[in-house]
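Open the model in your viewer and keep the sequence panel beside it. The stops below say what to select and what is there.

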Amino acid sequence: MKKFLIYWLPVILWAGGIFYLSGVPNLNSGLPVFWDVFWRKLAHATEFGVLNLLLFRALFGYGVSFKKALWWSLILTILYAISDELHQYFVPLRQARWQDIGQDSLGALLVSGGLYIRQRLKKNKAN
């Protein structure tokens with residue numbers, strides 16, 4: 001149970017937070033359009049990058065190999081991004097956008113790339 005709380009509870013809470021925010025009908029920031037769009041896009045990439053990192057941590061922490069944990073966390077994050085947009089389709093004043101899936105996926109890809117580079121540097125340093 002302790003292992004579950006350490007590794008999977010953060011994933012569940014973070015995914016739940018994403019789900020909650022996707023259900024808010026109007027997340028108006030009150031900023032000028034340029035800055036509103038900029039910060040929203042950055043938030044999309046960041047929230048799914050963090051989800052990817054938490055999923056990787058949970059999978060790797062449960063003994064899944066680095067490579068498999070990296071791929072599965074990326075795949076699961078992108079699938080969650082797709083489901084997030086489907087969820088938003090049914091929320092009043094929200095829209096489902098392919099561009100948002102792209103931004104979410106970009107955040108996840110950046111985290112996966114960072115984890116991969118970090119792993120390669122560790123291997124090179126050990127040799």
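Does Phe4 count as buried, partly exposed or exposed? Phe4 counts as partly exposed, because its relative accessibility is 32% and buried means under 20%, exposed over 50%. Bear in mind at every stop that this is a predicted model.

**Stop 1: the nonpolar patch**

Select helix α1, residues 2-22, where Phe4 lies. Then select Met1, Phe4, Leu5, Leu9, Ile12, Leu13 and Tyr62, which make a nonpolar surface patch of about 700 Å².

**Stop 2: the salt bridges**

The structure holds 2 salt bridges. Side chains of opposite charge can pair when their charged atoms come close.

Select Asp36 and Arg40, whose side chains meet in a salt bridge at 2.9 Å, N to O. They are 4 residues apart in helix α2, so about one helical turn separates them. Asp36 counts as buried at 15% relative accessibility, whereas Arg40, at 30%, counts as partly exposed.

Next select Asp100 and Lys41, with a salt bridge of 3.5 Å, N to O. Asp100 lies in helix α4 and Lys41 in helix α2, so this pair ties together parts that are 59 residues apart in sequence. Asp100 is buried, with a relative accessible area of 5%; Lys41 is partly exposed, with 26%.

**Stop 3: helix α4**

Select residues 98-126, the 29 residues of helix α4. At 1.5 Å a residue they should span 42 Å, and the end C-alpha atoms are 42 Å apart, so the two values agree. Colour the buried residues of α4, among them Asp104, Gly107, Ala108 and Leu115. What covers these buried residues? The cover includes α2 (33-61) and α3.

**Stop 4**

Move to helix α3, residues 66-89, and select Asp84. Not counting residues up to four places away in sequence, Asp84 touches Ile18, Ser22, Phe48 and Asp104.

Finish with Gln88, also in helix α3. Gln88 counts as buried because its relative accessibility is 2%. Leaving aside neighbours within four places in sequence, Gln88 is in contact with Ser22, Arg94 and Gln95. Select Ser22 to see a residue that touches Asp84 and is in contact with Gln88.

Technical notes
Residues are numbered from 1 along each chain as its sequence is written. This is a predicted model: local features need pLDDT of at least 70, side-chain atom pairs count only at pLDDT 80 or more; totals for chains, interfaces and linings use all residues. Side-chain values use heavy atoms; hydrogens and water are left out. Helices (H or I, at least four residues) and strands (E, at least two) are DSSP runs, numbered from the N terminus. Contact means heavy atoms within 4.5 Å. Patches are made of residues with over 30% relative accessible area and no salt bridge: like charges are joined within 9 Å, nonpolar side chains (Val, Leu, Ile, Met, Phe, Trp, Tyr) within 5 Å. Accessible areas come from the Shrake-Rupley method with a 1.4 Å probe; for residues, only the protein chains shown count as cover. A salt bridge is a side-chain nitrogen of Lys or Arg within 4 Å of a carboxyl oxygen of Asp or Glu. Buried means under 20% relative accessible area, exposed over 50%, partly exposed in between (1.4 Å probe, protein chains only). The expected span of a helix is 1.5 Å times one less than its number of residues.
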